Amino acid sequence: MFFYSAGDKKLRQIVVNDLGFWSSGTMTRSVWKWQLLPGVKVRCQKNKNNWTAEITVPLVSIAPKGGEIRFNAARERNVKGYKQEFSTWSPLSKLG
């Protein structure tokens, strides 16, 4: 998941896997700083043919100065023996 905060002009990313492990980072001027965003909660459930993730993200974690928030969700699938897959909810989530 990607969040862009117009208030502080930072891009934030949350990465989750099917085991419920997650990480997050913030980008300022093309430099990534990997740090956990405060208050984020992740819960995953695996089934035979799929998995789901429930992710809670406090607004103050992604837009501490308020203002417009832009969002995109992306998926990267890496399974040994299969072609790598990429998908995205919105091909253009940030302009400029």
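Before I start, a strand here is a DSSP run of E at least two residues long, and the strands are numbered from the N terminus. With that in place, I can say that lysine 9 lies in the loop between β1 and β2, and I will come back to that residue towards the end. Please keep in mind throughout that what you see is a predicted model.

Let me begin with the chain as a whole. The chain has 96 residues, of which 20% are buried, and its C-alpha atoms fill a box of roughly 40 × 30 × 20 Å when this is taken along the principal axes.

Strand β1, residues 2–5, runs antiparallel to β7, and four bridges join the two.

Let me return to strand β7, where asparagine 72 has its place. Is asparagine 72 buried or exposed? Its relative accessibility is 6%, and therefore asparagine 72 counts as buried. What does the side chain of asparagine 72 reach? It comes to the backbone oxygen of serine 90 at 2.8 Å, and the side chain of asparagine 72 also makes a polar contact with the side chain of threonine 88, at 2.9 Å.

Next come the charged residues. As a general point, side chains of opposite charge can pair when their charged atoms come close. In this model the count comes to six salt bridges, and I will go through some of them.

One of them is formed by aspartate 8 and arginine 12, whose closest N and O atoms are 2.7 Å apart. Aspartate 8 has a relative accessible area of 16%, which is under 20%, so aspartate 8 is buried. Arginine 12 also counts as buried, at 5% relative accessibility.

Another one joins arginine 70 and glutamate 68, at 2.7 Å from N to O. Here arginine 70 is partly exposed at 27% relative accessibility, and glutamate 68 is partly exposed at 45%.

A further salt bridge is the one between arginine 77 and glutamate 85, at 3.5 Å from N to O. Arginine 77 is partly exposed, with a relative accessible area of 34%, and glutamate 85 is partly exposed as well, with 32%. These residues belong to a network of salt bridges that links Arg75, Arg77 and Glu85.

The surface also has a nonpolar feature. Val15, Trp32 and Trp34 form a nonpolar patch there, and together they have about 300 Å² of accessible area. Of these, valine 15 sits in strand β2, residues 10–16, and it counts as partly exposed at 38% relative accessibility.

Finally, as promised, the loops. Most residues other than glycine have a negative phi. Which phi does lysine 9 have, although it is not a glycine? Lysine 9 has a positive phi of about 55°, and at 60% relative accessibility lysine 9 counts as exposed. Serine 30 is also not a glycine and has a positive phi of about 70°. Its place is in the loop between β3, which covers 22–28, and β4, and serine 30 is exposed, with a relative accessible area of 66%.

Methods
Residues numbered from 1 in each chain as written. Predicted model: local features only at pLDDT ≥ 70, side-chain atom pairs only at ≥ 80, totals over all residues. Heavy atoms only, no water. Pairing = 2+ DSSP bridges. Buried < 20%, exposed > 50% of the residue type's maximum accessible area, 1.4 Å probe, protein only. Polar contact = N/O pair within 3.5 Å; in protein donor to acceptor, adjacent residues only side chain to side chain. Patch = residues over 30% accessible without salt bridge, like charges linked within 9 Å, V, L, I, M, F, W, Y side chains within 5 Å. Areas by Shrake-Rupley, 256 points an atom, 1.4 Å probe, with all protein chains shown as cover. Salt bridge = Lys/Arg side-chain N within 4 Å of Asp/Glu carboxyl O.
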